Amino acid sequence: MGIEVASAMGAQIRADLAGLQNSAQGMGMPALNALGAEGAESGLAAGESAEAGTGFADSMKQVLQSVNEQDRVAGERMADVDSGRSDDLVGAMLSSQEANLSFSMLMQVRNKVVGAMDELIKLQL
């Protein structure tokens, strides 16, 4: 019974991560290779990397750096508009919204991972 529950949870986690990865790619963010097909099939741990991909931690670092860079650029563009160095208010607002959406998506990924870890901890094998 416990193995069936674990398999169902694993399938749900992979489906959730695939949906989040599609959303990330739609926003132009780098893909998350969480466990990837090779990692899930061969039983690699989350910190280990598959042959062709990077590990989950490395992918999260890349995404975090990307979100941070988007926020920094948006801040610079807003500061340029505020100081009068630029009159591209629409571009600055779009950059700000993109940074906000990227951060929101990052928080959704974080919440999914934390929720999945909580569920794994609760499993009784």
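How many helices and how many strands does the chain have? The chain has four helices and zero strands, in a model that is predicted. Read from the N terminus, its elements run α-α-α-α.

**Whole chain**

- The chain holds 125 residues, and 21% of them count as buried.
- Its accessible surface comes to about 8,400 Å², with carbon and sulfur atoms accounting for 55% of that area.
- Taking contacts between residues at least 6 apart in sequence, 56% join residues at least 24 apart.

**Helix H3**

- Helix H3 covers residues 56-83.
- Its 28 residues, at 1.5 Å a residue, should span 40 Å, and the C-alpha atoms at its ends are 40 Å apart, so the two values agree.
- The buried residues in H3 are Phe 56, Ser 59, Met 60, Val 63, Val 67, Ala 74 and Val 81.
- H4 is included in what covers these buried residues of H3.
- After H3 comes Gly 84, which has a positive phi, near 90°.

**Nonpolar core**

- Nonpolar side chains tend to be buried together in soluble globular proteins.
- Here the largest nonpolar core has seven residues: Leu 20, Phe 56, Met 60, Val 63, Val 67, Leu 106 and Val 109.
- H3 and H4 each supply at least two residues of this core.
- The largest share, four residues, comes from H3.

- Side chains of opposite charge can pair when their charged atoms come close.
- The count of salt bridges comes to four, and those described here include two made by Arg 72, one with Glu 69 and one with Glu 76.
- Between Arg 72 and Glu 69, the N to O distance is 2.4 Å.
- Arg 72 and Glu 69 both lie in H3, three residues apart, which is about one turn of the helix.
- Between Arg 72 and Glu 76, the closest N and O atoms are 2.3 Å apart.
- Arg 72 and Glu 76 are four residues apart in H3, so about one helical turn separates them.
- Through these pairs, Glu 69, Arg 72 and Glu 76 are linked in a network of salt bridges.

- Another salt bridge joins the side chains of Asp 88 and Arg 77, at 2.8 Å from N to O.
- Arg 77 belongs to helix H3, whereas Asp 88 lies in the loop between H3 and helix H4 (89-122), so the pair ties together parts that are eleven residues apart in sequence.
- Asp 88 is partly exposed, with a relative accessible area of 34%.
- Arg 77 counts as partly exposed too, at 32% relative accessibility.

Terms used: Residues are numbered from 1 along each chain as its sequence is written. This is a predicted model: local features need pLDDT of at least 70, side-chain atom pairs count only at pLDDT 80 or more; totals for chains, interfaces and linings use all residues. Side-chain values use heavy atoms; hydrogens and water are left out. Buried means under 20% relative accessible area, exposed over 50%, partly exposed in between (1.4 Å probe, protein chains only). Contact means heavy atoms within 4.5 Å. Accessible areas come from the Shrake-Rupley method with a 1.4 Å probe; for residues, only the protein chains shown count as cover. A nonpolar core is a set of buried Ala, Val, Leu, Ile, Met, Phe, Trp, Tyr and Cys residues joined through side-chain atoms within 4.5 Å. The expected span of a helix is 1.5 Å times one less than its number of residues.
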